[in-house]
Each structure stands twice: as structure tokens, then as C-alpha cells.
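I set out to record how the two chains are arranged and what packs inside them. My entries follow the order in which I looked things up.

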2 protein chains.
Amino acid sequence: MITLCVALIHYPVLNRRGETIAAAITNLDLHDLARTARTYGVPACYVVTPLQDQQVLIRHLLDHWCQGAGKELHPDREEALRRLRVADDLAAVKASIRQEWGEAPVIWATTAKAQPAALPCREARQRLAESRRPHLLLFGTGWGLAPEVLGEAEAVLQAIQRKSDYNHLSVRCAAAILLDRLLGTD
Amino acid sequence: MITLCVALIHYPVLNRRGETIAAAITNLDLHDLARTARTYGVPACYVVTPLQDQQVLIRHLLDHWCQGAGKELHPDREEALRRLRVADDLAAVKASIRQEWGEAPVIWATTAKAQPAALPCREARQRLAESRRPHLLLFGTGWGLAPEVLGEAEAVLQAIQRKSDYNHLSVRCAAAILLDRLLGTD
């Protein structure tokens, strides 16, 4: 039984100038990530931001789709969005996973930049299939995860299309591609 | 040299009740599809709608990002969005491809529903690598392509995660996954 959780990090991430910022929530990121997670059997998606007003927004969205009019109109969406969880920071995500799955997760980060010693997806897929530990995959919004978050990961997955001269996928699409590579069965 | 173009169809598509409708343009679909296309070397993405007011919207967006303030602020986005093309219908897409690549395209449709005799991605990838003809991959917005569009395709690609009990990916994410399966090289 594979347990792979996902965290969408809004702080600390980089902006286009390489400065550390808190990125704003994008409504469609949450919908898309939840729908992809449901499709591939990812049990929990953590939406990480320390900004309280942003957390209120997320909870408002979840209330609409998981309890309100959205649930009645669109039950498929509720099935997806109910796996979203709000967290202040990565420490809170790790604590939540430890509490629910009994063990601290193996953390893998993702990046659009070429990295020395990056973990190829094929190898990550195999490790995941053979492991009994929960795993946590980190995605950065904005211009990507800040170095201190990358430093918390046991491995960084190889960039998608690392030989391409263009690597500006949306985080929604990057997450879909990587979950397909790690968990897809066709 | 593989030539795979994409068309995002807004009419004729189905709504949740299975009726044929024209779906509205979603801004982020266009951005995401263009960014994914640029990443995987897809030369043209046709945005298909017969609605003139929707075509005006698309052109307004393209003007902003390909010629206006957006281009200066964000040249990466221009590189992606300049491969979007507006088309009235599938016939216009076919004519455009025939004109530019000298031959009518092989058309493949996509669907989230299990199909008899669907083409597995692995086989599609191989056919694409071995063919010298241009190919065109159709994606439906709303609740998917109408039967008459499916009928125009030489093959329908196997649904992503066809054994899953949930297949409600966003079209943005589905397109990213399928282009990765067909063209991805890591």
C-alpha cells in the first residue's frame, strides 16, 4: 500500500527575482491538485501558508464545495477537495502525517531547475513501490521552493523535461505529470 | 521530426447532462496548454470555438501577452502563448495544418471514459515516433468531446487511469499528462 501525500507550499517560495516571499493562493491550483490527487489515490494534499487571511479563503472554498451548494451540484468535486488540508508550515505537515500514518514521511522536493544528484522519476517510482513508509512530495508556487525547504528534503526529483530549453509549466500541470509518473497505471 | 499539434475544443462538447453545448473559454486553460506545449515542443495549439465574442476574448489575451505589457514583463509566457491559434471549427484546424505541414493530420481524440478499442498511450507514442505525418490531438472542454467529433478521429486514446473509479481531471492537467506520455523524455 503506497502512501504518497502532497504539499503545495506558498511560503517560503521564491519570486522572479529570487527573493523569498509568501505567494497568494490560486483557486484553480487547489481544484486541480485535489482532482489529480483523487485520480491517483493520494490521500492528503496540504495547502501550506502561514497567512491567516489566505487560510480563511481556503476554508471558505472548502466549505462551499464540501458542505455547501457546491457539494450538491457537483459531488465529484467534493470527493476531490475533501482531501485538502490547511497547514501553517512544513513542520505541521510532518506532524500531521506522523499522527495519521504512524511515522514521519520521507520528503521529496520538486524543482524546475536542473539539480546535481536529482532523483529520476523512474527510480522514485520504484522506491515508492518498495517502501512501507509514508512519502511527502513538495511543490512550490511562485518561482519555486526556497532553498531552506529544498534542504529539508531527502531527495529532489529530477526536473520534468530536464533537457528542454523551457521549463515553465504551471504547478498544476507539473504536479499532474509527476503524480502520473510516480503512480500512474493507465 | 515529430509534429504533434493540439486542439482544445469548446464546441461541440457535452455538458453534464450529455447535451451538446459551446463551453466558455477558461483563461488558465489557454496559459497552461500553451506552457505545456512549449515544454514538449508542440508547435501549434488551436483554440476552437465558433463564438465570435469568445474569439475576441482570446485575441485580447494573446495581444496582452504576445505584444503588450505582458510580453515585456514575462517573456517566457509570450514564448508559450504565441503558439495558440483561434479556429472556428475542426475543419479549419485541419486546413491550417494541411497548409503549414503539407498534409492532412492523423487525428486522435481523448476521453475520460473507457472506450472499446482505445489506443494505449505506449502504442500511440511509438506510432508517433515512427510516422512522418502531422498528428492532431483533440481535447474537449465541458464534459468532453461530442460524439460527432470523436467520430472524426482515427483513434481515441485510452483514458488516463482507466482502472480508477474517478476520472475527473481538469483538461489542463489531462493534456499535460498525455503530452508527457506521448512526448516526454525526462
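This is a predicted model: local features need pLDDT of at least 70, side-chain atom pairs count only at pLDDT 80 or more; totals for chains, interfaces and linings use all residues.

Chain B can be laid on chain A by a turn of 180° and a shift of 0.0 Å along the axis, with an RMSD of 0.0 Å. The two copies are therefore related as by a two-fold rotation axis. I also noted that the same surface serves both copies, since 100% of the contact residues of chain B recur in chain A.

Entry 2, the interface. I found 31 residues of chain B in contact with 31 residues of chain A. On the side of chain B that touches chain A, α1 (27-40), α4 (75-81) and α8 (171-183) of chain B each supply at least two residues. The most comes from α1(B), with eight residues. By class, I recorded ten nonpolar, eleven polar and ten charged residues on that side of chain B.

I next asked at what angle the axes of α1 and α8 of chain A cross. They cross at roughly 10° and come within 9 Å. That angle is under 35 degrees, so α1(A) is roughly parallel to α8(A). Among the residues that meet are Leu28(A), Leu33(A) and Tyr40(A) in α1(A), and Val171(A), Ala175(A) and Leu179(A) in α8(A). I classed this contact as eight nonpolar, one polar and three charged residues.

The largest nonpolar core has 104 residues. Those with the most contacts inside it include Val6(B), Cys45(B) and Leu138(B). I then followed Val6(B): leaving aside neighbours within four places in sequence, Val6(B) is in contact with residues including Leu33(B), Cys45(B), Phe139(B) and Ala175(B).

How values were computed
Residues are numbered from 1 along each chain as its sequence is written. Chains are lettered from A and ligands numbered from 1 in the order in which they are written. A nonpolar core is a set of buried Ala, Val, Leu, Ile, Met, Phe, Trp, Tyr and Cys residues joined through C-beta atoms within 7 Å. A residue is buried if 20 or more other C-beta atoms lie within 10 Å of its own, exposed if 12 or fewer, and partly exposed in between; C-beta atoms are placed from the backbone. Two residues are in contact if their C-beta atoms, placed from the backbone, lie within 7 Å. Axes are lines fitted to C-alpha atoms, for helices over the stretch in contact, and angles run from 0 to 180 degrees between N-to-C directions. Helices (H or I, at least four residues) and strands (E, at least two) are DSSP runs, numbered from the N terminus. Angles under 35 degrees count as roughly parallel, over 145 as roughly antiparallel, 65 to 115 as roughly perpendicular and the rest as oblique. Ala, Val, Leu, Ile, Met, Phe, Trp, Tyr, Cys and Pro count as nonpolar, Asp, Glu, Lys and Arg as charged, and the others, Gly among them, as polar. Copies are superposed by least squares on the C-alpha atoms of residues with pLDDT of at least 70 in both.
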